[in-house]
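Dear colleague,

Please find below the structure that I am handing over to you. My notes on what was found in it follow directly after.

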Amino acid sequence: MMNTYRKALWITTSLFLSLIVACVTINIYFPAEKVESVAGEIVDEIRGQTPDGKESLFWKGKGLHLRKTLMAFVCPRAWADELTVSNPTIRGLKARMKARYAQMRPFYDQGMLKEGNDGYLSLGNAAGLGLKEKRDLNTLVSAENSDRQQLYLEVAKALKIDPSQVNRVAEIFAKEWQKPVR
Amino acid sequence: MKTGKKVILIACLVFLLCAIALGGAVLYYYAHPSSVKDLVERSLSRVTGASVTIRSLSYALDPLHLSVKGITVEPGTDMHGFYLEAPDLYAEFFLNGSFGRKSLIVKRLEVMGISCRISQEPSVSGVAQGPQTPSFFTPILKRAFAFFVFRDVTLEGATLTDGTAVVQSGDRTLRVHDLNGRLNALHRVEISCSARFEWPSRQMLLLAPRVRMKTDGAISLVNTQIGFFISLDDVLFESPFADLKDLQAGARLVYRPDRGAVTFEDMKVTLQEADIKESGQKDRVRLDLYVTADGAFGLKDHQVTVRRLNLSLGDRLKFEGELDAAFGTRKKMDLKVMDCRVMPQHLIPLLPTGLRKRADPVKLEGPIHLTGRIGGVEEGTGWSWNADMEARLRQNQVSFTSGHVRMSTLLTGSIEARGRVPDMEVSTDLKGQGVVFRGNGIEVGPFEAAVSFRGRYPVLDLKDLSARIPSLSVRFQDRAIRVDDIHLEAGKGRVNAETRTGSLPEIRFDSSLLKNITASLEAAEGTLKVVEIQGKETGLAGLAMGLDLLPSGWHLAGRDSVHVQVRVDGDKGMAVASELTFQDLGFQNPKGTFVGENLHLKATVKAKTDPSRHVVNADISVDADGGETLYDRFYVNLKTHPLASRCTGTYNMQERDLQLSRLSLGLKDLLTCEVKGRIVERKPAWQLDLTADIPELPLKPLFRFLVVEPYQAEKPLLGTLQLDGAVSAGVSVTGISSAWTTQGSLRWRQGRISSEERGVGLTGIELALPLWVQNHDREGAGTAMEGGLSIDSLRVPFIPEQALAVSLRAGPNRLSVVSPTRVKIPGGEVRLGPVMIDHLPGAATVSTGLAMDRVDMGALLAPFWPRSLVGTLTGTLNPIRVEGGKLSSSGALTARVFDGEVIFSDPGVSGLFAGTPIFKMNARWKDLNLSKLTADTAFGKIEGVLNGYAKGLEIAQGQVQKFDLLVETVKKEGTSQRISVKAVDNIAQIGGGQSPFVGMAGMFASVFKEFPYEKIGVHATLENDVFRINGTIKEGDTEYLVKRGLLSGVNVVNQNPDTRVSFKDMIKRIRRIKTSQDGPVIK
């Protein structure tokens, strides 16, 4: 009888300790939803979905009520903070990327540019191009990737994401880049 | 008396007289034996031509016997070298038979100790030279003798004991000893002896210890045909090549005087073993020699006719044929090979060791059948041979094994040789089935091959050589390379077996990897002299990929044309001349960063080896004058800028030493580089001693090619730059591959840099840039290298045009400007440097410093500050470091302005080489006279003293990006604190976005121009385009931006302490202040 109690006590104690230990969780701050929304906004803007020089719908507080509502649930206290992912560097980057996008658009249409899962651009099947055009396209890709790298860093900095998580930012951006070019 | 009777009478009288005379003679010789001796000596001497002497001769009639002693036959005038001595001869006779038919019976004949010696070329008259024409009386006398005395002689018993004979011819000697003979009761002669034949000059010896002869019938003087059996046992034969022991031979010989021949029947020769000799070594082999023959030897014509000749060497060789040979004055031989079955592989053990070893790699199994005829005639100059032979092979297994190489096939075909030897008509048709070759990393087969030769020896013409190989596998650098459908064909060719020369002018080769190849071969003195290979569209590109000569993932395609000629000049070496051209050549690496399209490329190689010095001299050139290439960002149109490269050098294979006499690489109108020097392999590294020179060339196209075109997309600024002048360079590379040092210099003469768009212009640039790069940590033994930069005119925005000159110094992976450089700026000068650039050429870091002393800020800021400004700027930034795309500095610059000071500290730039660099700085100010600061500004006048700071100030894209700003007034004795209405309005607008002076407040404010204040305190931050503005003066829950004075004034209260203003709104607010020249609108 005593043995049965002792056994039950041991099991209970062990379970309790396990639960305590299991409750110690490590939270790494990574606002995936915010990055997604910012990525969508930036990519749209670069690709001409948002008129140049105009504030986004997010910024103006117009439209996208559903998203706003959802965001309110996700981070009700400071949602406005997270939406202010902009600064002169980002604007400069966007402006350059937008200008470059106009140059790259025909190559997107011909499938000569591939959006990778890592958030960066690479040359696809450029068989129809001469070497000089290929070189020019390569330099565009290289410049684009260079700007994207800086963009991801700036976005991460703005959202107070640890620099080690920049790759995740890039991967989220990749999903936006990979959306069909409209 | 009739005439007939008279004749008969006279004949009777003559006969009577003859009989009386004969009887008288007989009586005389009977009474005088000495006369008989003389008569015999004379008769024999006359008959034989020799000098015959008899010491004593005695005889008796009853019983009839004869005893002769001391018979000597010495060479006479026509008996050269014949000597015979018979010490004792005794004979007993009797006559048997009726009168007229009597026979002389030799009852006993004894010859003892007879010795015979023949030297030179003996010839016995009447024996050797055949029967003479009998005289008229000879038959009459023979008949008379036969009628009256005896008709024939019968030998009933005879013995010959201890006879010897020596026959000598040249250095050849035949000695016969123990010659014993006996005529037995059956009238058969038995002779035994031993013989020894010596030929010293040929080192030959033949010993026949037991030679036996036995006649098979009585010897008759009338019927002189003698048949006898001869046998030789235990014969020993020694020669330099082989020793034969226990040779047995026997034959039945028949002397046929009617034919003048000796026939032999059932001749047998057997030999079991032999010792093969080579280099003093003996190797015993089993021969199993068995020879049988039937034939005849003509004594008159010395001709041998063997009508049946069978010879066998166990199962190694079986010969069946006929032989005709003549050894007379005209020697000849004719051997008819009816069938000869040879097992070559089984004959190998009979070969001397050396030959056997040489033949060891080759195995030819199965029988070869030979048929035909070989004949020879001795002519004045020697033997002349004719042959009509055919050798047939049928599915004979042939294999060749040497080391790891093995080849095998089943060979079928024939080899025919006809005509005079050696100029025979030769015809060869051979087919190999199931040919397999393995070795040296190659595996071929099974496949079929055929070869046909025709011609007159020694010149043979190749009629057909073909091989169809389904697949070939080659092991190359641990990889198996498979080549399919190989087709090799040669329809022409010639070989001279005597001079060992040959040529195959056209060998066609096709395969899955390489096609349309035609090769030709020429050989002389048994070695290959010339090899020539040529082809068009051979698929070299595919071959290179198939053999993985290109790095993994590379693609290469193009139409090629190849011509290679190799000349071998024996000990003088080998010369190679080759030319390879490609049309429409394209290549690409896996990443697509190195691509070539539509290239027209021509490569030539001329090389010569010098075996005595183990040296290869080579002259290689590669030219490309069409197409395009792209390497990373560098694009070249080879039609515009053809590539020309040439390399001449010597490589010592023994020393592994490459001497580069000249290596030039050039793109026309762009760049040329020439390299000379030496590379020696010193395992595990390479010893380098090279110099490279770039002769002077215009910089403009080079800059465009190397910098502008590749990088303009990322750095649009480059497109605005114009560079001119001429550049040249010279460097040396020394050391080993793991620790090399490069030293040299880059020169730029009459240089110019300009960018009209940016207002930049540098002219009269003279640069001597010293270079010192190494991949090891050791400090250079030599002193630092010096150089310099001088600019006649330096014109950049915001600084005055000026000349500049700096000294440059290079150390290991380092470049420095040793002494500070003074740069004039508006209002003073900046001392820059020294400058140290380390870790060249990769992740370079720049360390320098900057100092300025009392620079007039009015002049310095004139372009930016629209009003007059009195102040100085002094300070030092040291060190200033550029590393990893960031510029950072320590130190501060202090601007003494507005009766106070502003201290700028830790300026820096991040993203220095990125598209959007960010400038960073901290600043703090103290005791600034607000009255002077705000005088005549659109902001509105404020009196007072201002302290504060701006931390983490960032400027990007010409805009302020981030800061943490604090501005606070502090009371200072003697300084009033008043603020204009306009300033209050502006502060309020910045803080709240709208004017506070509306309605009653506006009416009230319109009465005053300014207000006293207690304190102004604003704390503002900017981050992510969001301004936060707070007042620093807090009383309870109230936060003031401006706190009014004790008795009067205006409070500017921040109603929303957490006010956030977007960057764009703030810009609008500031713009409103900036553009508004009037005071606030008070409604």
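A polar contact is a pair of N or O atoms within 3.5 Å; within protein, one atom must be able to donate a hydrogen and the other to accept it, and residues adjacent in sequence count only if both atoms are side-chain atoms. By this rule, eight residue pairs are in polar contact across the interface of chain A and chain B, both residues being at pLDDT 80 or more.

The model is predicted, so local features need pLDDT of at least 70 and side-chain atom pairs count only at pLDDT 80 or more, while totals for chains, interfaces and linings use all residues. Residues are numbered from 1 along each chain as its sequence is written, chains are lettered from A and ligands numbered from 1 in the order in which they are written, and side-chain values use heavy atoms, with hydrogens and water left out.

**The interface**

Contact (heavy atoms within 4.5 Å) joins 28 residues of chain A to 30 residues of chain B. The two chains bury about 2,600 Å² between them, 49% of it on carbon and sulfur atoms; buried area is the accessible area (1.4 Å probe) that two parts lose on being put together, summed over both. Of the area that chain A buries against chain B, 26% comes from A:P88, A:L131 and A:R135, more than from any other three residues.

Four salt bridges are counted between chain A and chain B, a salt bridge being a side-chain nitrogen of Lys or Arg within 4 Å of a carboxyl oxygen of Asp or Glu. B:E709 forms a salt bridge with A:R135, and their closest N and O atoms are 3.7 Å apart.

On the side of chain A that touches chain B, the elements giving two or more residues are α6 (88-109) and α7 (131-158) of chain A. Helices here are DSSP runs (H or I, at least four residues), numbered from the N terminus. The most is given by α7(A), with 13 residues.

**Within chain A**

The axes of helix α2 (residues 32-46) of chain A and α6(A) come within 8 Å and cross at roughly 50°. In this contact, A:I42, A:E45 and A:I46 of α2(A) meet A:K94, A:M97, A:K98 and A:Y101 of α6(A).

A:E144 forms a salt bridge with A:R100, with the closest N and O atoms 2.9 Å apart. Because A:E144 lies in helix α7 of chain A and A:R100 in helix α6 of chain A, the pair ties together parts that are 44 residues apart in sequence.

Yours sincerely

Key
Axes are lines fitted to C-alpha atoms, for helices over the stretch in contact, and angles run from 0 to 180 degrees between N-to-C directions.
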